[in-house]
Amino acid sequence: MKISIIKPGLLSTVQDMGRYRYLSQAVPVSGAMDELAHRIANKAVGNNDNDATIEFTYANASFKAETPILISYSGDGAFLIHDDELMPAEKPLFFSAGSVIRLINNPVGVRTYLAVAGGWDVPDVMESKSTYLTAGFGGFKGRELQKADVLVSRTILNEVSNKILNQLIERSLTYPNWRISRERLLPEKRQKIRVVLANEICWFDATSILSFLTSNYIIDLRSNRMGYHLAGKPLVKKVKKELLSTAVTPGTIQVTGSGDLVILMADCQTTGGYPRIAHVAAVDLPLCAQLKPGDMIQFSEISRDEAEELYLEREHDLSLITMAISLKYI
Amino acid sequence: MNKQKRYLGTNIPLKIYVLSEKSVTITFGTEIDNDLLDLITDFNQLLLQNPFPGLITTVPAYTTLTVFYNPLNVILSDLPGEVCLEKVSAHLNKIAEINRKESEVMDDHLVIPVCYGGDFGYDLLTVARHNNLCESEVIDMHTAGYYTVFMIGFVPGFAYMGGMDNRLSTPRREVPAAKIPAGSVGIAGNQTGIYPLETPGGWQIIGRTPLKMFDVNRAQPSLLKGGDRVSFKAIDQDEFNTYMGV
C-alpha cells in the first residue's frame with residue numbers, strides 16, 4: 001500500500017511508541033505524543049500497537065492513495081474527508097487507488113494519527129521508527145513529511161489485517177459497522193489533568209503547592225513536542241537548593257528558575273536540572289498531547305498507587321480491544 | 001581499558017523515588033563526587049547484568065540512577081511486593097547486596113584528539129583571559145587533565161565531564177550561541193564537554209574534535225557513556241583534516 005503526500009500540514013512525522021533503549025545516551029523517547037490515539041489507530045487496522053503511524057499536527061493536509069489502501073485514524077486534531085464525506089475515526093477505512101483524502105480541522109485538539117495495515121515502512125533507527133527532528137534521525141528520512149513524499153506500508157499483513165481488508169473488498173464497503181471507542185477510555189473532564197506529586201515537592205512553600213493544585217494554567221505559545229510552558233501563578237521555592245541534573249521523562253512537570261511550570265513531552269531531554277513538582281499520570285498524558293496554546297487546565301492530585309492502578313486498567317482495556325477485534329475476524 | 005577491583009556499598013537501604021509509572025530513581029548521594037560516580041557506574045553494570053523482568057533501560061546521572069521498566073512485566077513477575085515500586089525496589093536492594101561484595105568493573109579510557117583555538121576554538125582567548133592565562137597554558141592544562149564522564153544528557157551523546165583543572169573554570173556565555181558546530185569542545189564552570197550535534201549552546205568553545213561523538217550507525221551511537229575516563233590530546237589542523245579524511 002502506498003500514499004503520496006499532497007499537502008503535509010503544519011508538522012507531520014512518522015512515530016511509533018518511542019525509543020526507550022538509548023536514554024542513557026541522551027536519545028529522547030520521542031514517539032507518538034498521544035500514544036493512546038496512535039495505538040487505537042493501529043488496532044483498528046489489525047496492527048501491533050508499536051507499528052509506525054503518521055502524526056499530523058492540526059489539519060490542512062492531504063494525501064492520495066497510490067494503490068488500494070486500508071487505513072484508520074484516531075486523535076483530535078483533524079477529521080478525514082473523502083469525496084466531501086466525513087470518514088469515521090477509529091475504524092478501518094478502505095480506499096481504492098487514486099482516492100484523495102483530506103484532513104479538516106477538529107477544534108478539540110492538535111494531533112491525529114494515521115495508521116496503515118502493516119504499518120508505515122521506514123527503517124528502524126536505534127530500535128524505533130520514531131522521528132527525532134532535533135538530531136535528524138528516525139522516521140521518514142529523519143525529517144518531517146513534505147509535499148510529494150511517498151510512504152509505503154510493510155507488505156506482509158497479519159491475519160487480522162488481511163481479513164479486514166478482504167471483507168471490505170468482498171462487500172464493496174469503505175468501512176465496517178464496528179468501531180473502537182476511544183472516548184470510553186478517556187475521562188469526561190479533559191481539562192483536569194491528574195498528577196502524582198514528585199520528589200522535590202517539599203522544596204516549594206505550602207501556598208505554591210496549594211496554588212499548583214487549585215489554580216488554572218494556560219498552555220503557552222512556547223509549546224511543542226519537547227514540552228509545554230504553562231502560564232499561571234509562578235511557584236515559589238522555599239529552599240535555596242539547586243538540583244543536580246537527573247533523569248526526567250515525558251510527563252515530568254518541572255518548575256523553572258522563574259517559577260513557571262513546564263510539562264515535558266515526547267521529545268524532551270533525558271535529563272533536567274529543574275526541581276520537579278509532579279508528574280502527569282501516564283493515563284492522562286494523551287490528554288496533554290491534545291492541548292493547544294490558550295487551552296486552560298487544572299491539576300488534581302492522585303496517589304502513586306492510584307496512578308499505577310489506572311495505568312494497569314488502561315492496559316487491560318486496550319488488550320481487550322485487540323482481543324475483541326481478533327475474535328471478530330479469526 | 002583497565003580492570004579494577006572495587007569494594008562498594010553500604011548497609012543502608014537504597015533511597016528510591018517514583019519518577020513515573022514506568023520508572024524509579026535511586027538517589028546515591030547529594031554532591032558531585034568521583035567515588036559516588038564509580039558506585040553508580042558499578043551498580044548500573046551489575047543491574048544490567050542481573051536484570052529484573054520488564055527492565056528496559058537505565059539512565060545514570062551525577063548522583064542518581066533511573067531505572068525504566070514495563071510495569072506489566074513487573075506486576076506479573078514474582079518479585080515480592082504489591083505495586084511496581086515495591087517489586088522493583090526489592091530487586092534493586094538485592095543488587096545492592098551483590099554490590100557490597102567485591103565486584104569487577106571495566107573502566108573505559110578514551111583519548112580524544114582536539115584541535116584547539118582558531119576558528120574551532122573561538123572562545124579560547126575568553127577562557128585564557130578569564131583565568132589570567134595565555135592560550136597555550138589553557139591547552140596544556142586541558143590536555144593534562146584526566147576526566148570522568150558524569151552523565152550523558154542535553155542532546156544525544158553530550159558528555160558532561162568533571163575533573164577539569166579549577167584554574168580553567170569559566171562561566172557559560174551570557175547569551176547562548178544559536179549554533180555550535182558538532183565536535184566543539186567547551187567549558188562551563190568546572191566541567192568540560194563536547195557537542196555531538198550542531199545545536200544552540202552556552203559553553204565556552206576552546207576547540208574541536210574530528211571524532212564523531214554520536215553516530216546512529218554505531219552499535220553504541222554515543223562514543224562516551226557515564227563513568228568513562230577521558231583525556232584530550234592536542235592536534236593541529238593537518239591532523240584534524242587527516243582524521244576527517246579530507
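Predicted model: local features only at pLDDT ≥ 70, side-chain atom pairs only at ≥ 80, totals over all residues.
## A buried serine in chain A

With 25 C-beta neighbours inside 10 Å, A:S153 counts as buried, because a residue is called buried once 20 or more other C-beta atoms lie within that distance of its own. A:S153 belongs to the loop between β11 and α2 (159-170) of chain A.

Which residues is A:S153 in contact with, once its neighbours within four places in sequence are left aside? They are A:M1, together with A:V116, A:A117, A:G118, A:G119, A:W120 and A:D121.

## An open sheet in chain A

Chain A contains an open sheet of 6 strands, whose order is β7-β6-β9-β4-β1-β11 and whose pairing is antiparallel. At its edges are β7 (85-87) and β11 (150-152) of chain A, each of which pairs on one side only. From one strand to the next, the twist averages 35 degrees.

Strand β1 (residues 2-7) of chain A pairs with strand β4 (residues 61-65) of chain A in the antiparallel sense over 4 bridges, and A:K7 has A:S62 in β4(A) as its bridge partner. In turn, β4(A) pairs with strand β9 (residues 100-105) of chain A, again in the antiparallel sense and over 4 bridges, with A:K64 standing opposite A:V100 in β9(A). Strand β6 (residues 78-82) of chain A is joined to β9(A) by 5 bridges, and these two strands run antiparallel; here A:L80 has A:L103 in β9(A) as its bridge partner.

## A covered helix in chain A

Is helix α1 (residues 35-44) of chain A mostly covered or mostly uncovered? The helix is mostly covered, since 10 of its 10 residues are buried, and among them are A:E35, A:H38, A:R39 and A:K43, as well as A:L36 and A:I40. An α-helix has 3.6 residues a turn, so residues three or four places apart point the same way.

After α1(A) comes A:G46, which has a positive phi, near 85 degrees.

## Where chain A meets chain B

The contact between the two chains takes 32 residues from chain A and 40 residues from chain B. On the side of chain A that touches chain B, the elements that give two or more residues are β15 (246-247) and α5 of chain A, and the largest share, 7 residues, comes from α5(A). By class, this side of chain A has 15 nonpolar, 12 polar and 5 charged residues. For the model, the scores are ipTM 0.96 and pTM 0.94.

Chain B has 6 helices and 15 strands, and its C-alpha trace spans about 60 × 35 × 35 Å along its principal axes. Of its 246 residues, 42% count as buried, and among its contacts between residues at least 6 apart in sequence, 62% join residues at least 24 apart. The pLDDT of chain B averages 91, and 91% of the residues score at least 70. Over residues 1-7 of chain B, however, pLDDT stays under 50, and for this stretch the model has 17 contacts beyond four places in sequence.

The domain assignment divides chain B into domain 1 (2-106) and domain 2 (108-244), and the C-alpha centres of these two domains of chain B lie 30 Å apart. Their contact takes 9 residues from domain 1 of chain B and 8 residues from domain 2 of chain B. On the side of domain 1 that touches domain 2, the largest share, 3 residues, comes from helix α1 (residues 34-49) of chain B, and the residues of that side divide into 6 nonpolar, 3 polar and no charged.

Terms used. Residues numbered from 1 in each chain as written. Chains lettered and ligands numbered in written order. Buried ≥ 20, exposed ≤ 12 C-beta atoms within 10 Å, placed from the backbone. pLDDT = per-residue confidence, 0-100. Contact = placed C-beta atoms within 7 Å. Nonpolar A, V, L, I, M, F, W, Y, C, P; charged D, E, K, R; others polar. Domains from an automatic or database assignment. Pairing = 2+ DSSP bridges. Axes fitted to C-alpha atoms, helices over the stretch in contact; angles between N-to-C directions.
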